[in-house]
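Please examine the sequence and the three-dimensional structure shown here.

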Amino acid sequence: MVTEDLTREERKPFRRVMRAAIASIIPRRQREDFLANYTCCPPPIFIPLISVAELVVFIVYVFDLRDKGTETTSTSGVAMYSPLVYKATRRYEAWRFLTYMLMHQGYLHIISNLGFQIVFGTPLEVVHKWWRVGLVYLLGVIAGGLAHSITDHSVGLVGASGGVYALLGAHVAAIVINWKEMNYKCMDPAELEDNVCCGISRILLSAPVRLAIILLLVVPDTGVAIYRRISEPEANKIGVTAHIGGFLAGLMLGIVILKNVNTLTWEKNLGWVTLAVYLAFVAFCCLFNAFYDGYPETDWKPL
């Protein structure tokens, strides 16, 4: 469906919803063109589906833990025996580098991750389509798992933070590659004088302000995760470097995978460089996992 297929009255609520969704992603002067040509086929599907999957798995293990005599609380309760959890002793089960995203430690963990990815992922998916956002998300999860495996392998890893932080990193990438367009007339004194409300909204949606908002969200959340990593009892400790790995993956891959409003030569070159860095990081982590002898002993018995 294209917005031109709708009647004038039908188009108004649709455009209001779309404007709200793309306000933090599409530069102001490109929004009308985007809305005029937008097709919602397919609609955003990746973020809803992955969110439902994570919620279902969480609920299943809440009841499974209860049957085993363990109650899930706001900050505790994770089935470390699950084949989905990443453990250094089972790192030969490669799927764990991805499936750890389905497991969460307590209600606050699942709620915060779902909230972040719905709020930040859905607008990205509206603009960049589901396959681009899905690719960034899943590659961020893998990068988070690999980063954890080489830096903090003494504890397990659960949670969708690798993917969530990849979305945040992708937002930063979108801001960087569209920096000039997002700052269009946002500090123009004439614009502010003619329409104060419009001028203020442009400032609030400008690239520096958007970047500051993301950092204000990332820093406290990561700080809490680090505090819990240090202060929790040994049995409840969960790694945090997946946050960093996911964010950097989203930042690097967002430049090359997400749409660019106005692609410049330096941005295209930067995209290839960041893709090469990501692939080099993955290759290094794989080799590290294969040859480093400081990991806990596994129960793998080669044929």
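Leaving aside residues up to four places away in sequence, Thr-241 touches Ala-147, His-148, Thr-151 and Asp-152. With Asp-152, the separation along the sequence is 89 residues, while the C-alpha atoms lie 7.3 Å apart in this predicted model. Thr-241 is found in helix α12. Its relative accessible area is 18%, and because buried means under 20%, Thr-241 counts as buried.

The helix to which Thr-241 belongs, α12, spans residues 241–257 and has 17 residues. From its first C-alpha to its last, α12 reaches 23 Å, close to the 24 Å expected at 1.5 Å a residue. Helix α12 is mostly covered, for 13 of its 17 residues are buried.

With a relative accessible area of 22%, Phe-288 is partly exposed. Phe-288 touches Ile-150 and Tyr-295, when residues up to four places away in sequence are not counted. Phe-288 and Ser-149 are 139 residues apart in sequence, yet their C-alpha atoms are 9.0 Å apart in space. Val-273 also has its place in helix α13. Val-273 is partly exposed, at a relative accessible area of 48%. The C-alpha atoms of Val-273 and Val-256 are separated by 9.2 Å, and the two residues are 17 apart along the chain.

Lys-129 is placed in the loop between α5 and α6. Although Lys-129 is not a glycine, its phi is positive, at about 75°. The relative accessibility of Lys-129 is 16%, so this residue counts as buried, the limit being under 20%.

The buried residues in α3 are Phe-46, Ile-47, Ile-50, Ser-51, Glu-54, Val-57, Phe-58, Tyr-61, Val-62 and Leu-65. Why do the buried residues of α3 line one face of the helix? Seen down the axis of α3, they fall within an arc of 145°, so they line one face. In general, an α-helix has 3.6 residues a turn, so residues three or four places apart point the same way. The buried residues of α3 pack against α5 (107–128), α6 (130–151) and α7 (161–177). On the face turned away from the buried side, α3 carries the exposed residues Leu-49 and Asp-67. Helix α3 is followed by Gly-69, which has a positive phi near 90°.

Attention may now pass to the empty spaces. Rolling a probe the size of a water molecule over the atoms shows where empty space is left. The structure holds two cavities of 30 Å³ or more. The second largest cavity has a volume of about 50 Å³. Which residues line the second largest cavity? The lining consists of Phe-58, Tyr-61, Val-62, Leu-65, Thr-72, Gly-77, Val-78, Ala-79, Met-103 and His-104. Among these, Phe-58, Tyr-61, Val-62 and Leu-65 are also buried residues of α3.

The largest pocket contains about 360 Å³ of space. Its lining is made up of 26 residues, and those nearest the centre are His-109, Ser-161, Ala-225, Arg-228 and His-243. The elements giving two or more residues to this lining are α5, α7, α11 (207–231) and α12. In the lining of the largest pocket there are ten nonpolar, eleven polar and five charged residues.

The chain may finally be viewed as a whole. Its secondary structure comes to 13 helices and zero strands. Of the 303 residues in the chain, 48% are buried. Among contacts between residues at least 6 apart in sequence, 75% join residues at least 24 apart.

Terms used: Residues are numbered from 1 along each chain as its sequence is written. This is a predicted model: local features need pLDDT of at least 70, side-chain atom pairs count only at pLDDT 80 or more; totals for chains, interfaces and linings use all residues. Side-chain values use heavy atoms; hydrogens and water are left out. Buried means under 20% relative accessible area, exposed over 50%, partly exposed in between (1.4 Å probe, protein chains only). Helices (H or I, at least four residues) and strands (E, at least two) are DSSP runs, numbered from the N terminus. The arc is that of the directions from the helix axis to the C-beta atoms. Contact means heavy atoms within 4.5 Å. On a 1 Å grid over the protein atoms alone, a cavity is a set of points where a 1.4 Å probe fits but cannot get out, and a pocket is an open set with protein on both sides within 12 Å along at least five of seven lines; lining residues have an atom within 4 Å of a point. Grid points are joined across faces, edges and corners, and a volume is the space filled by probe spheres set on the points. The expected span of a helix is 1.5 Å times one less than its number of residues. Ala, Val, Leu, Ile, Met, Phe, Trp, Tyr, Cys and Pro count as nonpolar, Asp, Glu, Lys and Arg as charged, and the others, Gly among them, as polar.
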